[in-house]
Amino acid sequence: MKYEAGQFDVIVIGAGHAGVEAALAAARMGCETLLLTINLDMVAFMPCNPSIGGPAKGHVVREIDALGGEMGRNIDKTFIQMRMLNTGKGPAVHALRAQADKFMYQHFMKKTIEETERLTLRQGMVEELIVQDGICVGVETKTGAIYRGRTVVLTTGTYLRGRVIMGELMYESGPNNQQPSIKLSASLKELGLQLVRFKTGTPPRVHGDTIDFSKTEIQPGDENPKFFSYETEYSDNEQLPCWLTYTSEETHRIINDNLHRAPMFSGAIEGTGPRYCPSIEDKIVRFADKPKHQIFLEPEGKHTSEYYVQGLSTSMPEDVQLSILRSIPGLEKVEMMRTGYAIEYDAVVPTQLWPSLETKVIPNLFTAGQINGTSGYEEAAGQGVIAGINAARKAQGREAVIIDRSQGYIGVMIDDLVTKGTSEPYRLLTSRAEYRLLLRHDNADLRLTPLGFEIGLISEERYAKFNRKKELVEGEIERLKTVKVKPDEAALGLLAELGSAPIQNTVDALSLLRRPEVTYASLERIIIPSPDVLSEDMKEQVEIQIKYAGYIEKQLLQVERLAKMEKKRMPDDIDYNAVHGIATEAKQKLSSIRPLSIGQASRIAGVTPADISILLVYLEHYNRVVAARG
Amino acid sequence: MMNVDTIAAISTAVGEGGIAIIRVSGPEAVSEAKKYFRSKSDIATADSHTVHYGHIVDPANGEAVEEILLTIMRGPRSFTAEDVVELSTHGGIVAVKRVLELLLKEGTIRIAEPGEFTKRAFLNGRIDLTQAEAVIDLIRSKSDRAFSVAMKQAEGALSRKVKTLRHELIELLAHIEVNIDYPEHDVTEMTSSFIRTRCQEACSVIDGLLKTAGEGKILREGIVTAIVGRPNVGKSSLLNALVQENKAIVTDIPGTTRDVIEEYISLGGIPLRLLDTAGIRETSDVVERIGVERSRTALEEADLILLVLNANEQMHEDDRLLIEQLKDRPVIILLNKTDLPVVIDEQELLAIASADSIVRLSVLQESGLDQLEKVISGMFFGGELESGDLTYVSNVRHITLLGHARQSLVDAVEATEAGIPIDIVQIDVRQAWEQLGEMIGDSVSESLLDQIFSQFCLGK
């Protein structure tokens, strides 16, 4: 029995990492928001690694936080291990990675949602989108409830026509034996969205009490943990270690002997899996000469004995999985609690989206997360924030917000997806960013917090604090230009100690800090201290901005050059087929992707520099004609 | 004005005429030209639309490279509406190339894209709206042509070397990236000293390439042309006529031990590289020698084959054999000795070759060479040959890009020595890789990811 169940500004379907961010952003921006999920116990669930962050991904979490999103705050409350990675490398690639208490993470997120004004959390399976005159106006659930919304955000994760595969066994299912969403997929297809089949997988989980940790290597967290959120100042979370072990010759033998039962090779899996996240059977076949592979044992939480076996993602039959596990040093007597599996699901071809994450074919319908062909909680959450912001803005009659490639990894990811599409589940890597040195972990707030404030997701108080930090950092850099260091005993002693060349004449402190071996902390020992109290965070910022100024400026110059191309907007009504001179392949690509700017057009595969030159000439012609008409 | 780059290109047909002109346009045109221009006048303060005499000097050693006339046209009163400097050098290819290479060396000026001056003129409102389509056509045709030239070069020996070098760099890059993106993976740790060694190796490979380029061995281009025919049909005299009248480039580099000796000529602006000219001179029996390995290679390598027949004789069995062997190749049949009575059966010839690939000429009377020019032009340039910004410029591009790539690698080496972290050194290495890619028309970044995942075993 159908019934009218309510009217909202924004409806978000799915409460995974994309959905919760989208719903929170929309509600906080003043929209009456509905968040629907198939199972209320699965809000912000981590079906794979109990872990958040790492290179590029950790950067995204910081960006989400700088924009006023939730993931950073939530993991700071619920981490059971925190590590800063890549500390031996440059500041741009330092990356925070946390092990999460998987259950606490969910509970805290659910509570935050429940406490958020204007946000309604409800259990229900959406089976159909309601579309009137080509525009999405609401959703209908399995129970007949009709919810009306100005905009709808779809975040279906791996639920959309999900199918779990374990060896010979296959069944329709969402992750972790959840109900899959079958009918919605057909509804999307009917509405004209092109779907693609992707695959991902997860390793088995084991009982911690049956692990012999003495045969493994301990991997503790950092003694002085840093945090993801710029708001978190302190935590007394107790940290748990992870453990490292390796596959054995026996492991490889078992896998090779059972390859005929591996769905990866028997053809049972049709979806495209990610190269960066291969299953163990895939790794052993493709890299046959590698004698052993790393296996990390990660605790899933404080109140459970379950361990996640990182490195052992597999869709082998259950009995083979157990043999594999028991062939690994430390796991000889292990009890398997959950079996690993591969899961196939439907995703939307992401070139069907605008950079705002609104679909081109169905106005007012937005998509975010794995449905857009990505993989990873952070990638999902990053899109979730943007989809939520833009769904809210559209509902409020405002223009979309787009983060560009020089502003954040979120921008890099979305631009890649909507401009180039993806042939496998998309994972962020720092190497995808052309301005890696600008998109640092430490400066996410400088890059995005002003935008977060403008959008309305950053409070006045936080913004004032941010501005104070910015002023102090800039002030200190200016001050260091004027602070003189004489070649006296203290200075020469320090330089000798640091293995840095001695100075002959008086120099300013800033030029000393440019030297790779001189740190702010060491400099502090010989110069007049700043009249203001600077936090560690601020000192780090001063040091990075000075030390890498040359490289940073080079990248800024590149950004500035390309910015002109990004600002050249393409007219909405442009008919590429009518533009004389553009190559046929470029015409097809341009017509299907409909780039917003010349800059975006130039990144489409198959569009050549000559095509871009011609577009520029055409655009000039067009603008002059429009100008002439008045 | 939306263009911030300053661009340059040779704007006269290469190899023709008494002078050649390099046009420089953009905000840095005057200040950059000033760096290399030694003259009584100070061009920084000179009035617009004035001409100055002086020398182009290599700042690296203070040596005068070329005597030139320099014209200043300040924007908006110029073709592109930007500041424009035109440098008139002596004619021929050597002088103008050297000056252009020098201007591009530092990287402030870049080489113009096909049709870019016209594009800028249009975008800056110097060209009437009604001509938009003509501008588009110009960009399209020039780009397509440049592309086909680039494609040809992409198969050459230089390109193979650049590809190998790029492959080594991408392996290095992938290794650096894996260290950054998978810090906990058990891959070999990437160290500064490892990067340094690899960059130094790459640098010396580039040095080798640049050295050969400097000696003129590899970077000369032109339509590779072979002359074939029976004895005494007039190959030698044709060759001599072509070379004497049209010789554009100094040839026969001392010390080269090539099998095939080449001559470079510019036939009415069309650059031709004549193959096996020595062979033609030393023996006239090319029909026999066609079986000889080096001539066969020369024929295979040729973009254009000039088959000379004697119009004063009946067609010989060897002629028919040659025509048969060369079918499906770009051949122009030259009916020589038309000053004498024409005896050859032209009907038979027309039955096996198309009329527009047959040129009647008399080397003796120097008639018909202009017709040959037209036919070649028709075959390779769609009938119209514009200012020679094709192959010659691509040579300058190659040298410039090799120079830039080398500089990027030197920067990388210096950065490792200064203790800069590997992810920042990576910027320079990547730039070198991209510059080399630009050289061979391949700058796609996706292949780095492909490399990472094929080279390393990653995943959770």
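Trainee: Let's start with B:Glu348: what does its relative accessibility make it count as?
Mentor: Bear in mind that this is a predicted model, where local features need pLDDT of at least 70 and side-chain atom pairs need 80 or more, while totals for chains, interfaces and linings use all residues. Residues are numbered from 1 along each chain as written, chains are lettered from A and ligands numbered from 1 in written order, and side-chain values use heavy atoms, without hydrogens or water. Buried means under 20% relative accessible area and exposed over 50%, with partly exposed in between (1.4 Å probe, protein chains only). At 24%, B:Glu348 counts as partly exposed.

Trainee: And which residue does B:Glu348 form a salt bridge with?
Mentor: For a salt bridge, a side-chain nitrogen of Lys or Arg must be within 4 Å of a carboxyl oxygen of Asp or Glu. Here the closest N and O atoms are 2.5 Å apart, and the partner is B:Arg320.

Trainee: Over in chain A, A:Glu127 and A:Lys183 meet in a salt bridge; how many residues apart are the parts tied together?
Mentor: Their N to O distance is 3.8 Å. A:Glu127 is buried at 17%, whereas A:Lys183 is exposed at 52%. One lies in strand β7 and the other in helix α5, so the pair ties together parts whose separation in sequence is 56 residues.

Trainee: What sort of aromatic pair do A:Phe8 and A:Tyr147 form?
Mentor: Rings of Phe, Tyr and Trp (its six-membered ring) pair if their centres lie within 6.5 Å; planes under 30 degrees apart are stacked, over 60 edge-to-face, and the rest tilted. These two are 6.3 Å centre to centre, with 55° between the planes, which makes the pair tilted.

Trainee: How much area do chain B and chain A bury between them?
Mentor: Contact means heavy atoms within 4.5 Å, and 52 residues of chain B are in contact with 60 of chain A. Buried area is the accessible area (1.4 Å probe) that two parts lose on being put together, summed over both. Carbon and sulfur atoms carry 59% of it, and the total is about 4,900 Å².

Trainee: How many salt bridges does the rule find across that interface?
Mentor: One salt bridge between the two chains joins B:Asp428 and A:Lys554 at 3.9 Å, N to O. Over all chains the count is 68. Across the interface of chain B and chain A, the number is six.

How values were computed: Helix = DSSP H or I, 4+ residues; strand = E, 2+ residues; numbered from the N terminus.
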